[in-house]
Amino acid sequence: MALADSPNGRIGPDDPRYRALIDRRFNKRFAARPDYVRVAQSTGDVVAAVADAVRENRRLVVTSGGHCLEGFVSDPEVKVIVDVSPMKRIAFDADRGAVVVEAGATVGETFRALAESWGVVVPLGEQPAIGMGGHVAGGAFGFLCRQLGLAADYLSAVEVVTVDRDGSPRVVVATRDPSDPNHDLWWALTGAGGGNFGIVTRQWFRSPGASGADPTKILPRAPESISTFRAEWSWDAFDRPTFRRLLHNHGIWSEQTADADSPHASLWTLLALHRQQLGKIVVRGVSTAGDAAARQTDDFLAALGKGAVAATNIERARMSWLEFALDPLPDLFAMPPGGVSVKVKDALLKRRFADRQIDVAYDYLTTTDHDVPGGMLGLASYGGAINRVAPGATASAQRDAIVDMACNAGWLDPNDEAKNLAWVRAFYRDLFANTGGVPVPGAAYAGAFINHPDTDLSDPALNTSGVPWHAIYFQDGYARLQRVKARWDPRDVFRHALSIRAG
């Protein structure tokens, strides 16, 4: 029996496929228990699923790749999950002069189709299994972001199933064209995140300003090759002063290379500061600089080690773009059988950490008071071409950051949840103690990235800044997003813990 052969397309708890569908999620911290899952293979299926759920007054959400970091889909109040993962068609749409990608396609599947069919690329995210439907709606950045910008910067149109005030579903196409009467919906879906205004079913991609209708020329060319490196330091080599020097060096490099015209814009890096109990600090990098990549990465590693400790165990590789994109940095994305529970607390930095913050990091990463083997601080390079776009041109407001950082905790045993959450929340709070425990947008911080959602930001016990969560994610764009919400989802059908509230 095919998925769509179930009565009314519904897969309930008595169906042997139900468990497999609801368990297909990245963060095992949350568990879903809907009345049923509706598997959609077309926009028409989505319309039917939405119509039934609204008529029956059942709370519904949508899933594609299942990579939401919070429990937006796996919410006890959710009664219907609309699964669009079978919607994977990717083609060139001659009428729109753009590549159209259905919402269930994954990042990896999209990379493959773009490269093999037309030799082009969109700067999508890092994990190949992420679903496109929610990914691009939140802005989407990845390994090529410093060179090419956000994936949302290439979104030329989007098809969405919305619900009118009378409860009727409607298929809407919204475009980049400012004269389009639906333009406000396109704008909102370039950074507000998924699950807000309707269900995204298709997205069209074309570079702003591209001319002609040749699919090989309307998007950036895929890189000719990718060079990667991995290096590490033993924690035994660090005390507080040398740790401070390492992060100081990293911050200086990030500030000096954040311009889109920097020769290092073609280099993306991730400094993974694991807990001392793991024994090592790891840095990884991805370069599109071709023959110049080795010199580029040598310069980076030399900058980090200046006056501190030189990296060791340096590994390098060079491969085709598609070989890399379909299996990037395997050790970074490896998961244990059964998956892992995680808490990710994201922030975008506009300048390097102060010494006080570096000392906070050292204390949390070295303290023996906590057994948190999955704890770490990650510092990913940002900026470059992302910052060429004006903050209000899309709903992705963070256009002046240089680093995307995250305090992370991961665990296998559910009994370890409380101590891991306590550690990662305290770490984040103390890093941003001067601004109420959160990265309030201002001179030092650009807020946080909605594709890495953190419901703690809406908790006044954890966010004592007096600045609301939506200002941290959307800054001055929130009022406009509220107007879009009021127009396109007047019944608040599409909602979650950090969804847009109508004005």
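Not counting residues up to four places away in sequence, R240 touches D359, Y362 and D363. The model is a predicted one, and R240 sits in its helix α7. With a relative accessible area of 31%, R240 is partly exposed. Between R240 and A210 there are 30 residues in sequence, while their C-alpha atoms are 51 Å apart in space.

Helix α7 covers residues 240-256. Which residues of α7 are buried? They are T242, F243, L246, L247, N249, H250, G251, W253 and S254. As a general point, an α-helix has 3.6 residues a turn, so residues three or four places apart point the same way.

## Nonpolar cores

The largest nonpolar core has 123 residues, and those touching the most other members are W233, F243, L273, M405 and F427. Helix α12 (residues 417-431) supplies the largest share of this core, seven residues. Apart from it lies another core, made up of 18 residues, including Y36, L60, V80 and V493.

## Cavities

How many cavities of 30 Å³ or more are there? The count comes to four. The largest cavity has a volume of about 80 Å³.

The lining of the largest cavity consists of L247, H250, G251, S254, L349, R351, R352, F353, I358, L379 and V403. Helix α7 gives the largest share of this lining, four residues.

## Helix α2 and V46

Helix α2 runs over residues 43-55. Its 13 residues should span 18 Å at 1.5 Å a residue, and the distance between the end C-alpha atoms is 18 Å, so this helix agrees with expectation. The buried residues in α2 are T43, V46, A49, V50, D52, A53 and V54. After α2 comes N57, with a positive phi near 60°.

V46 lies in α2. Its relative accessible area is 0%, and V46 is therefore buried. Leaving aside neighbours within four places in sequence, the contacts of V46 are A40, V84, M87, V161, I199 and T201. V46 and L365 are 319 residues apart in sequence, with a C-alpha to C-alpha distance of 46 Å.

## Cysteines

A search of the whole structure finds zero disulfides. In general, a disulfide is a covalent bond between the sulfur atoms of two cysteines. C145 has 0% relative accessibility and so counts as buried.

C407 is likewise in no disulfide; its nearest cysteine sulfur belongs to C68, 19 Å away. The relative accessibility of C407 is 0%, so C407 counts as buried.

L329 is not a glycine, yet has a positive phi of about 40°. Its place is the loop between α9 (321-326) and α10 (330-333). Is L329 buried or exposed? At 9% relative accessibility, L329 counts as buried, because the limit for buried is under 20%.

D492 is not a glycine either, and its phi is positive, at about 55°. D492 lies in the segment after α14 (478-488). With a relative accessible area of 30%, D492 is partly exposed.

Methods
Residues numbered from 1 in each chain as written. Predicted model: local features only at pLDDT ≥ 70, side-chain atom pairs only at ≥ 80, totals over all residues. Heavy atoms only, no water. Core = buried A, V, L, I, M, F, W, Y, C linked by side-chain atoms within 4.5 Å. Buried < 20%, exposed > 50% of the residue type's maximum accessible area, 1.4 Å probe, protein only. Helix = DSSP H or I, 4+ residues; strand = E, 2+ residues; numbered from the N terminus. Expected span 1.5 Å × (residues − 1). Disulfide = S-S within 2.5 Å. 1 Å grid on protein atoms, 1.4 Å probe; cavity = no way out; pocket = protein on both sides within 12 Å on 5 of 7 lines; lining within 4 Å. Points joined across faces, edges and corners; volume = space filled by probe spheres on them. Contact = heavy atoms within 4.5 Å.
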